[in-house]
Amino acid sequence: MRRFFYLIKPFLPRSIQIFLRRVLINIKKNKYKDVWPIYKGSEVKPINWVGWPNNKKFAFIITHDVEHHRGYQRVKQLIEIEKKMGFVSSFNFVPERDYIVEKKLLQFMTEHGFEFGVHGLCHDGKLFSKESVFLERAVKINNYLKEWNSVGFRAPAMHHNLEWIGRLNIKYDLSTFDTDPFEPQADGVNTIFPFWVKTGQDGNGYVELPYTLVQDFTCFILLKEKNFNIWKDKLDWLAKNGGMALINVHPDYINFENKTKLEEFPVNYYEDFLNYVKSRYQNQYWNALPRDVAEYSREFLK
């Protein structure tokens, strides 16, 4: 089904794609209400879990996938909002799509304490179609990782094969989720904590960081939510259970004029959520970059 969708996708107007996904998600919503947005049992802590640094209650990790040129143009604007509110985040760029990742932007992000990673290669849904395709593209992906001095990866559309991803020169991956039956590859990892993925007999591997907060596109574009309550309720549950609140927000879908469009939501939804995190959980969370979470947890997760 996934292969068929990506075969016909180029011929479907964007409005039709979104309409069909809205119909599908509303059909599925009641069916999966017992496992989404909270999967009971995912709060069980990993063996040898030592908690978060400085006795913080939970980790708060902000990530962004930059899908198109539209989103790329909004990166600095989003960074300025987060800087002003006292947060740091990581942006994942598609190396070969409709924008060029400029070194001056990467330098700007580094200077201001932000991170960046690689988001697939060309975002065409074919990365995991065959192992030979993945291995061929992995060579290029590794080259971009080296060129950008990045250590993290997220696959487009959250497609994943954790064994194959281990062929990349990374310290962490972001291509999974605790529970999300609305994703094309809907096999959740059923945990709200980072975990170790072993890639060989020599002890090598990487840290997997699943997203645990509903993606913005699902929340505001497909479900057409008018506030951040889904994020708020899940965050409160994650904080209560000492987990990892990892969110994925796309600059492509944020409307900085606070308007609602076919595939854009008002920026104040996101700003209101960040303000809630700050006010409700002041001094209780660790706002960390993915690389810092991976570095912190890798030794006791291995």
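The model is predicted: local features need pLDDT of at least 70, side-chain atom pairs count only at pLDDT 80 or more, and totals for chains, interfaces and linings use all residues. Residues are numbered from 1 along each chain as its sequence is written, and side-chain values use heavy atoms, with hydrogens and water left out.

Start with the charged pairs. A salt bridge here is a side-chain nitrogen of Lys or Arg within 4 Å of a carboxyl oxygen of Asp or Glu. By this rule there are 14 salt bridges. Helices (H or I, at least four residues) and strands (E, at least two) are DSSP runs, numbered from the N terminus.

Look at Asp 178 and Lys 234. Their side chains form a salt bridge, at 2.9 Å from N to O. The pair links distant parts of the chain, 56 residues apart. Asp 178 lies in the loop between strand 5 (172-173) and strand 6 (195-198), while Lys 234 belongs to helix 9 (residues 229-240). Are these two side chains on residues that are buried or exposed? Buried means under 20% relative accessible area, exposed over 50%, and partly exposed in between (1.4 Å probe, protein chains only). Asp 178 is buried, at 1%. Lys 234 is buried too, at 2%.

Helix 9 holds another pair. Lys 232 and Asp 236 form a salt bridge, with the closest N and O atoms 3.6 Å apart. These residues sit 4 apart in helix 9, so about one helical turn separates them. Lys 232 is partly exposed, with a relative accessible area of 25%. Asp 236 is also partly exposed, at 22%.

Now turn to Glu 264. Its salt bridge with Arg 70 has its closest N and O atoms 3.7 Å apart. This pair also links distant parts of the chain, 194 residues apart. Glu 264 is in the loop between strand 9 (254-255) and strand 10 (265-266), and Arg 70 is in helix 3 (residues 69-72). Glu 264 is buried, at 7% relative accessible area. Arg 70 is partly exposed, at 28%. Arg 74 joins Arg 70 and Glu 264 in a network of salt bridges.

Finally, the surface. Ile 16, Phe 19, Leu 20, Val 23 and Ile 27 make a nonpolar surface patch of about 470 Å². Patches take residues with over 30% relative accessible area and no salt bridge; like charges are joined within 9 Å, nonpolar side chains (Val, Leu, Ile, Met, Phe, Trp, Tyr) within 5 Å. Accessible areas come from the Shrake-Rupley method with a 1.4 Å probe, and for residues only the protein chains shown count as cover. Leu 20 is in helix 2 (residues 14-31). Leu 20 is partly exposed, at 46% relative accessibility.
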